[in-house]
Every structure is written in C-alpha cells, then in structure tokens.
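Subject: Structure for you to look at

Hi there,

Here is the structure I promised to pass on. Have a look at it below, and then read on for what I found in it.

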Amino acid sequence: MQEVHERLLACLPRLRRYARALTGDSASADDLVQDTVERGWARIAQWRPDGDLRAWLFGIMHNLHIDQLRRSPPPSMELDDADLPAAPPTATLDLRDLEHALQQLPAAQREVLLLVALEEMRYEDVAATLDIPLGTVMSRLSRARENLRRLMAGQPPAATLKVVK
Amino acid sequence: MNEAELQAWVDGRLPPDRQAAVDRYLAENPAEAARLQAYREQNAALLALFDDTLDAPVPDALAARRPDAPSAGPTGGAAVPAWRRMAAMLAVAIGAGVIGGAAGWTLRGTGTDAGAGLAAGAAAQSPAALPRQAAIAHAVYTPEVKHPVEVGADQQQHLVAWLSKRLGKQLRPPQLAKQGYELVGGRLLPGDSGPVAQFMYADASGQRLTLYVSSGQKQNRDTGFRFAQEGNVGVFYWIDGSFGYALSAAVGKKELSQIANAVYEQLLPN
C-alpha cells in the first residue's frame, strides 16, 4: 500500500498539468485535482494492482470533469464565422493564442488531444481512460487538430464550435 | 492513406514500414505534409505551454491528502478495510517524513526533523503549538529560491480566492509596503486542525517574513498578542475566534512587533 501511495504521489504533477490544460485556469484545476485524489483514495480498492494507475486516475478526472460540465455548463454561444479574427495572428504559434484556441475546442476533442499530445498516451490507453471506442479517439483527435490549426490560422473551423464567453 | 495512419505519423506511433509509406505519400503531397507538420508543431507547442505546470511544486494539501479526510465522501463497504489499513500506513509514513523525502517536493532542501514536525502537525492543541508550527513552516519555505510560494503575488486575485476558499474565510493579505515589505505570494499547508495559508513577504534586501493563518483553532478563545522565539525565528501570534495568526521572521523583536501591529490592525474586521 505504501508503494501505491508513492505511485499516486508521482502522478500528481501530470494530473495537475492535464487539469490545468483541460479547465483553462489554475483555481479550477487545483480543485479538480483535489477531487480526483480524494475519489482515487476512496476507491483505491477498486484499482487492480496490475493496471495502469495513471490511466485509472485520468479516468476518474475525466468523469469528474464531465460531471462538472453537466452541472454547470459554461456560458456559451454558437461560434459565428464573423467572430473569428479577420487576419491571422502574427506569430504562427503564439502560446497565448494557443491556449485561447484550445479552450474553444469542445471538451471531448480537447481531452483526446491533451491525452495524446501532452500525456503521450497510446491511443488504446486513451480509449480505455475515456471509455470510448478507438475509432472515436482517432476521429476526435483528427478534428481537434484541424480545428486548432484553423483557429490558430484565423480561419473558420471545420465544424461548429462552442465558444466560452 | 487513411486519416488514422496520418494521425499516428504525427505522434510517431507507426511501425517502420508504414512510417516509410507515409513519408513517401507526404513527399508527393505538399499540402498534406504542411498540415501534418502543423499538427506536430501543435504537439510541441502544447508541451511548451504547460511545461511549467509539470515542474511546479505540488501543493502540500494535495501531497499530504489522506484517505480519512472528512471530505473524501462515501465509500463502498468493500473498500473500507483496505482504506483503513492505508490510513494507518500513511500516518506512519508521514510521521517518519518518508513521503516528503521520497517525493522530493514537499520539503525540498530541509531537514527531515522539521519536515516531520510540519507534515505530521503533531503538536498538541495548546496555543503554544501555533507559533511552533508557524516557525517550522517559516524555516522550511523561506530558504526556497526557486519555489518559495505556490502562487505568486502577480496572481494575487487567484491566490486570495484560492486560499480563502480552502480556509473557508475571506482572507486579505495585509499591505506592508510602509514597513518595507512586499507580498511575494502564498501557499496552502496541511495543519493538524485544518488547512493553513502561508503568505510570504520580502523586503528590498531579500529578508523574508511569513504570515501563517491557521483555521480550526479549537480553543475558540481570543488571545492577546504573544511572542515566541523559536531558534533565530521570532514569532508574534494571536488567536481570533477559530483562526490563529502568526507572523514569523528572523529579525529583532522590536522590528517584528511593529510589523505585527500593522498586520493586526489591517486584519481587524471593518
């Protein structure tokens, strides 16, 4: 059990980074990590010792985040083409723009992209963590990347996006 | 060429033969090559964007999270025995300072004795425990060069909102510019009776002082101003309702008392 505790502690920095990228602000991220750790502890008996602890914890965080979004969906509006910047940003990959663009992606696409790009998870592990089919992982990944690329280039996204005011 | 394979190329997850096939395809399709190259740049940019989050010290409140915390919520019946055993293991590990040492972030660069005392919060529920814990927390965090605080004063609004929420009280870090000290930032610490907020200040010479705000003081009885000397750290402290305040710095008693008076006045309810 001591070992489990140390392994859980070792996952904390990654959980925080993912939460920060997912929620877009530090205060919400810290709350989400706190809730994840608490639920993880409470259910540690359900974790199989041969399983991937990190993926298991990310799964818990995913479920908590979805619950939060359902309880209090952020104020949103349909994104209109006219709302998009007319000219492309001067820097091709300005980090501040990237974060803003990331938060404009639907949560489902953002999650997949972050698990792949930030966590460098295998696609199969992403599917298991989010409890969705592998094909859905690949299509969300593709859409997330293309939407992000278009947003960064000041072009209309391929699909209708939700914009958080 | 199917899209899933192209995505896997971006992440470098194709077997060598497929990798070569996609390379050939991209050599003949500049538009596709540009698109996938942009995706690769996204990966690198996302890592760069959130890199600092990964390196940031984990809040002690998270690292010291114990399964018997009251807010842990209901658990299934089957989970309870393992849960209890782990609680006992954790208590032992924390007491021995193992967690701080092994994890390497809670008490970086400090002696194990100080760490064990702080993490265990083992001091008794007497008013004297407050200055001791405050002095230990002061000694542990003021020497930090890279991460003296979890949230810097540049994010003061976030810092105050976050710590206020965790302590269940609207906090206002005092302004000590007149005394020559500027707010550096703050952090959340585990206390034996609830979370603790630590605000850190520094003067122009780098001299640091900390204000330790502890919730859940059981005496629930106000005290006057008191002074304690813990090694070279002087501590002025007082209890106001269920909150304990302690101002610590390695400066003379007279200078510290002047600052403590300013802090006390600013913390008085309007």
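Chain B of this predicted model has 11 helices and seven strands. Of its 270 residues, 36% are buried. Among contacts between residues at least 6 apart in sequence, 53% join residues at least 24 apart.

Before you use the coordinates, a word on confidence. The model scores ipTM 0.78 and pTM 0.48. Chain B averages a pLDDT of 73, with 70% of the residues at 70 or above. Helix H1 (residues 3-10) of chain B is where confidence in the chain is highest, at a mean of 95, while helix H7 (residues 98-103) of chain B has the lowest, at 32. Across residues 66-125 of chain B the pLDDT is below 50, although the model gives this stretch 95 contacts beyond near neighbours in sequence. Where pLDDT is low, the predicted coordinates should not be read in detail.

Which residues of H3(B) are buried? They are B:Tyr39, B:Gln42, B:Ala45 and B:Leu46. Viewed down the axis of H3(B), the buried residues fall within an arc of 125°, so they line one face of the helix. An α-helix has 3.6 residues a turn, so residues three or four places apart point the same way. On the other side of H3(B), the exposed residues are B:Pro30, B:Ala34, B:Gln37, B:Ala44 and B:Ala48.

Best wishes

Technical notes. Residues numbered from 1 in each chain as written. Chains lettered and ligands numbered in written order. Predicted model: local features only at pLDDT ≥ 70, side-chain atom pairs only at ≥ 80, totals over all residues. Buried ≥ 20, exposed ≤ 12 C-beta atoms within 10 Å, placed from the backbone. Helix = DSSP H or I, 4+ residues; strand = E, 2+ residues; numbered from the N terminus. Arc of directions from axis to C-beta. pLDDT = per-residue confidence, 0-100. Contact = placed C-beta atoms within 7 Å.
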